[in-house]
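This briefing concerns a single protein structure. Please consult the sequence and the coordinates alongside the notes that follow.

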Amino acid sequence: MTVMFCPRCKQGEIAKATIRKTGSLIFVCQECEAAWFFASEISEAEFTDFGNHMEGIGLEPRWIELDVTTI
């Protein structure tokens with residue numbers, strides 16, 4: 001498995017996960033919590049803040065809300 005580092009912060013690894021309550025796939029940096037919804041869209045210029053996204057869908061912005069499938 002290839003480790004993918006965050007293009008935004010250049011430090012954290014990208015985790016692939018599923019949001020438990022929605023079943024949606026999400027890719028999240030373990031360091032800065034930049035998030036993407038498709039692996040092909042992971043870039044420095046285009047990202048969503050994990051916390052803002054989770055609050056926007058009515059969930060707590062916590063990793064416990066995720067089922068991490070790959071790190």
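A residue is called buried when its relative accessible area is under 20%, and exposed when that area is over 50%, with partly exposed in between. By this rule Phe 50 is buried, because its relative accessible area is 0%. The model discussed here is predicted. Its strands form an open sheet of 5 in the order E4-E3-E2-E1-E5, with antiparallel pairing.

**Sheet architecture**

- The edge strands of the sheet are E4 (48-49) and E5, each of which pairs on one side only.
- Strands E1 and E2 run antiparallel and are joined by 5 bridges; across this pairing, Leu 25 in E2 is the bridge partner of Thr 18.
- A hairpin is formed by E1 and E2, with 5 residues between them. In its turn, Gly 23 has a positive phi of about 80°.
- Strand E2 is also joined to strand E3 (residues 34-36), by 2 bridges, and these two strands run antiparallel. Phe 27 stands opposite Trp 36 in E3.
- E2 and E3 form a hairpin with 4 residues between them, and Glu 33 in the turn has a positive phi of about 65°.
- On its other pairing, E1 meets E5 in the antiparallel sense over 4 bridges, and Thr 70 in E5 is the bridge partner of Lys 16.
- Strand E2 is mostly covered, since 4 of its 5 residues are buried.

**Nonpolar cores**

- In soluble globular proteins, nonpolar side chains tend to be buried together.
- The largest nonpolar core of this model has 9 residues: Ala 17, Ile 19, Ile 26, Val 28, Ala 35, Phe 50, Met 54, Leu 59 and Leu 66.
- Strand E1 (14-19), strand E2 (25-29) and helix H1 (50-56) are the elements that give two or more residues to this core.
- A second, separate core has 8 residues, among them Cys 6, Cys 9, Phe 27 and Ala 34.
- Leaving aside residues up to four places away in sequence, Ala 17 touches Ser 24, Leu 25, Ile 26, Leu 66, Asp 67, Val 68 and Thr 69.

**Helix H1 and the aromatic pair**

- The count of aromatic pairs comes to 1. Phe 50 and Trp 63 form this pair, which is tilted, at 5.9 Å centre to centre and 40° between the planes.
- Phe 50 lies in helix H1 and Trp 63 in the loop between H1 and strand E5 (66-70), so the pair ties together parts that are 13 residues apart in sequence.
- Trp 63 counts as partly exposed because its relative accessibility is 26%, whereas Phe 50 is buried at 0%.
- Helix H1 also holds His 53, a residue that is buried because its relative accessible area is 18%.
- Not counting residues up to four places away in sequence, His 53 touches Ile 19, Ile 26, Phe 37 and Thr 48.

**Cysteines**

- How many disulfides does a search of the whole structure find? The search finds 0.
- Cys 29 is in no disulfide, and the nearest cysteine sulfur, that of Cys 9, is 3.6 Å away. The cut-off for a disulfide is a pair of cysteine sulfur atoms within 2.5 Å.
- Cys 29 counts as buried because its relative accessibility is 0%.
- Cys 32 is likewise in no disulfide; the nearest cysteine sulfur to Cys 32 is that of Cys 29, at 3.7 Å.

Conventions: Residues numbered from 1 in each chain as written. Predicted model: local features only at pLDDT ≥ 70, side-chain atom pairs only at ≥ 80, totals over all residues. Heavy atoms only, no water. Core = buried A, V, L, I, M, F, W, Y, C linked by side-chain atoms within 4.5 Å. Buried < 20%, exposed > 50% of the residue type's maximum accessible area, 1.4 Å probe, protein only. Contact = heavy atoms within 4.5 Å. Phe/Tyr/Trp six-rings, centres within 6.5 Å; stacked < 30°, edge-to-face > 60°. Pairing = 2+ DSSP bridges.
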